[in-house]
Amino acid sequence: MGKIAQGILGGLSGKVGNVIGGSWKGIDYIRIKPSSVANPRTEGQVNQRNKFSTTLEYLQPNKAFLKVGYKAFATKKTEFNAAMSYVLNNGVGGVAPNFAIDYTNALLSRGTLSTPLNPSVDVSVPGQVSFAWDDNSAEGNASTVDKSMVLVYNPSKKESMYILEGTRRIVGSEVVNIPTTYAGDTIEMFMAFVSDDGKQVSNSVYLGSGTAA
């Protein structure tokens, strides 16, 4: 128990509530005891950390893609941080504690440029992933000279292979070479378009999973 000497205006010795008093070299002092968090690892905090780790693991290998895909959202933040915020809020599924990336909604690119029409992938050739799409350059704000952005993500190896300035929209196909060490691994495929001047991008489209040949 604390004691106040010489009345209310006197020195305080000990603890009264969260106020601690004492004397040092004849000088009276008081300080406030810092509050403590009773449980810094609540269920909500743990879940948020797990979501953050899941998102970070997904986005780290795709930094170069994000730098183009989230350029329009890098206002007072980096492209990577903009992507982290979006995917955390929109692209994480599952039930705690088993969170997982919802690839359909975990966009690697965001923008208003026309998306690919009828995109598809072929993983039957060893060391390659072939992307294909229909030419929709006459629709919306699409252009024949838009460049394809294609990406192959390998979750088990935590790495990606990608092309950021691929073939034109009018061409309708692109091939990404992948390491032979990917053979037998599950891979996830994505694509988007970027305008010829680099100022506009489309939302990325998830093309599904496959097993690398």
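Hi everyone. Let me begin with a term: a salt bridge here is a side-chain nitrogen of Lys or Arg within 4 Å of a carboxyl oxygen of Asp or Glu. Keep that in mind, as we will need it for one glutamate. And a reminder before we go on: this is a predicted model.

First, the overall picture. The protein chain holds three helices and 13 strands. It has 213 residues, and 37% of them count as buried. If you take the contacts between residues at least 6 apart in sequence, 58% of them join residues at least 24 apart.

Now to that glutamate, E188, which sits in strand β12. So what is the nearest side chain of opposite charge to E188, and how far away is it? It is K158, at 13 Å. With the cut-off for a salt bridge at 4 Å, E188 has none, and yet E188 is buried. What E188 does have is a polar contact, side chain to side chain, with Y206 at 2.5 Å. Beyond its neighbours within four places in sequence, E188 also touches Y103, L151, V152, Y153 and P155, as well as Y206, G208 and S209.

Strand β12 spans residues 186–194 and is joined to β13 by six bridges, with the two running antiparallel. One of the pairs is T186, whose bridge partner in β13 is T211. The sheet itself is open and has four strands, ordered β10-β9-β12-β13, with antiparallel pairing. Why is one side of β10 and of β13 left without a neighbour in the sheet? Because β10 (159–163) and β13 (205–211) are the edge strands, each with a single partner. From one strand to the next, the twist averages 20 degrees.

On to a second sheet, also open, this one with three strands in the order β7-β8-β11 and antiparallel pairing. Its edges are β7 and β11, each with a single partner strand, so one side of each has no neighbour in the sheet. Ignoring direction, neighbouring strands in this sheet are turned by 15 degrees against each other on average.

Strand β8, residues 128–134, pairs with β11 over five bridges, in the antiparallel sense. For β11, residues 173–177, which residues make up the covered face and which the uncovered one? E174 and V176 form the covered face, while S173, V175 and N177 lie on the uncovered one.

Setting aside neighbours within four places in sequence, N118 is in contact with A132, W133 and D134. With D134 there is a polar contact between the two side chains, at 2.7 Å. And if you like a distance to check in your viewer, N118 and N136 are 18 residues apart in sequence and 9.5 Å apart in space, C-alpha to C-alpha.

To recap the two side-chain pairs for your notes: E188 with Y206 at 2.5 Å, and N118 with D134 at 2.7 Å.

Methods:
Residues are numbered from 1 along each chain as its sequence is written. This is a predicted model: local features need pLDDT of at least 70, side-chain atom pairs count only at pLDDT 80 or more; totals for chains, interfaces and linings use all residues. Side-chain values use heavy atoms; hydrogens and water are left out. Contact means heavy atoms within 4.5 Å. A polar contact is a pair of N or O atoms within 3.5 Å; within protein, one must be able to donate a hydrogen and the other to accept it, and residues adjacent in sequence count only if both atoms are side-chain atoms. Two strands pair if DSSP finds at least two bridges between them. Axes are lines fitted to C-alpha atoms, for helices over the stretch in contact, and angles run from 0 to 180 degrees between N-to-C directions. Buried means under 20% relative accessible area, exposed over 50%, partly exposed in between (1.4 Å probe, protein chains only). Lys and Arg count as positive and Asp and Glu as negative; His and the chain ends are not counted.
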